[in-house]
Amino acid sequence: MSDELATHGVLYIVATPIGNLEDMTFRAVRVLKEVDLIAAEDTRHSRKLLTHFGIAKHLTSYFDHNKTLKGEYILTRLREGASVALISDAGTPCISDPGYQLVRDAVAAGIPVVPIPGVSATVTALSASGLTTDAFTFAGFLPNRQGKRRERLAELKGEGRVVVCYEAPHRLLAALADLREICGDRQVVVARELTKIYEEFVRGSVSEVMARFAGRDVKGELVLLIAPETGSVVPVDPDAVLRRYLAEEDLSFRDAVDRVARDTGLPRREVYARALALREGI
């Protein structure tokens, strides 16, 4: 065991991939192999991840409905000198999940808490959104019920920073409709299926984004980013993006067109026409 884990009774907060398993860090794999116990949001989901990386450790569940009982069990193990790793289904634990309560109780009990950083859907979406990143507000999940959701949006209406929140795919259009009514037709970005095969960024006004998703069976994990009332999406030069992708030897012409359409939000037929014109000059 490494020097870092020589002293037991440490709670590790371990980030895991949100889609692409290549985003797992070497340090995360090592820590998960060395701890005595792994507390997971969904043990069935996490076991697949651990199996992929050859990690054979005892798992215990820790989620919203058993956090009190399991929290006491985990704290007891920590007090006894065991090292414990907390992981969520994806991304960084304790962000919009009950893990923060375990951290709070561990800190109160004098138990060291060590973060093992990695992927966060919030920062991943923000970094490629095209919105200002000087400051932002994380609002977590918007309320399920329309009345509560509208109340929350009204609270966020005057926010001068980019607002980042999570939303379920089947509620996306309803949430966007409420957003337009409460906050106006401002600029937004919907980041879908981050780091996965069908990763997609849809940028534009609320009305434009609603039109893009209308009639679609929206699937996957979503991050919704809302620009301030006076904010706007940074303009994207589709020709510059096309030139970059067309110059990549491992990308076919079709793949380059598909990626630019995905990255810019432009209709594929328009991107295809631009690509043909550029190719004649390449």
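The buried residues of helix α1 are covered by elements that include β1 (11–14), β2 (37–40), α2 (43–52), β4 (84–87) and β5 (113–116). Helix α1 itself spans residues 26–34, and Ala28, Val29, Val31, Leu32 and Glu34 are buried there. Buried means under 20% relative accessible area, exposed over 50% and partly exposed in between, with a 1.4 Å probe and protein chains only. Helices (H or I, at least four residues) and strands (E, at least two) are DSSP runs, numbered from the N terminus. The model is predicted: local features need pLDDT of at least 70, side-chain atom pairs count only at pLDDT 80 or more, and totals for chains, interfaces and linings use all residues. Residues are numbered from 1 along each chain as its sequence is written, and side-chain values use heavy atoms, with hydrogens and water left out.

Attention now turns to the nonpolar cores. A nonpolar core is a set of buried Ala, Val, Leu, Ile, Met, Phe, Trp, Tyr and Cys residues joined through side-chain atoms within 4.5 Å. The largest one has 23 residues, of which Leu176, Leu179 and Leu224 touch the most other members. Two or more residues of this core come from each of α6, β7, α7 (172–183), β8 (187–192), α8 (206–213) and β10 (222–226). Helix α7 gives the largest share, six residues. Leucine 179 is in contact (heavy atoms within 4.5 Å) with Leu153, Gly184, Val188, Val206 and Ile226, its neighbours within four places in sequence being left aside. A second, separate core has 18 residues, among them Leu50, Ile55, Leu59 and Ile116.

Serine 129 is found in the loop between α5 (121–127) and β6 (136–141). This serine counts as buried because its relative accessible area is 0%. Residues up to four places away in sequence not counted, serine 129 touches Val189, Phe201, Arg203 and Leu225.

Glutamate 159 occupies the loop between α6 (146–156) and β7 (162–167). With a relative accessible area of 18%, glutamate 159 is buried. Residues up to four places away in sequence again set aside, glutamate 159 touches Thr137 and Pro228.

Key
Contact means heavy atoms within 4.5 Å.
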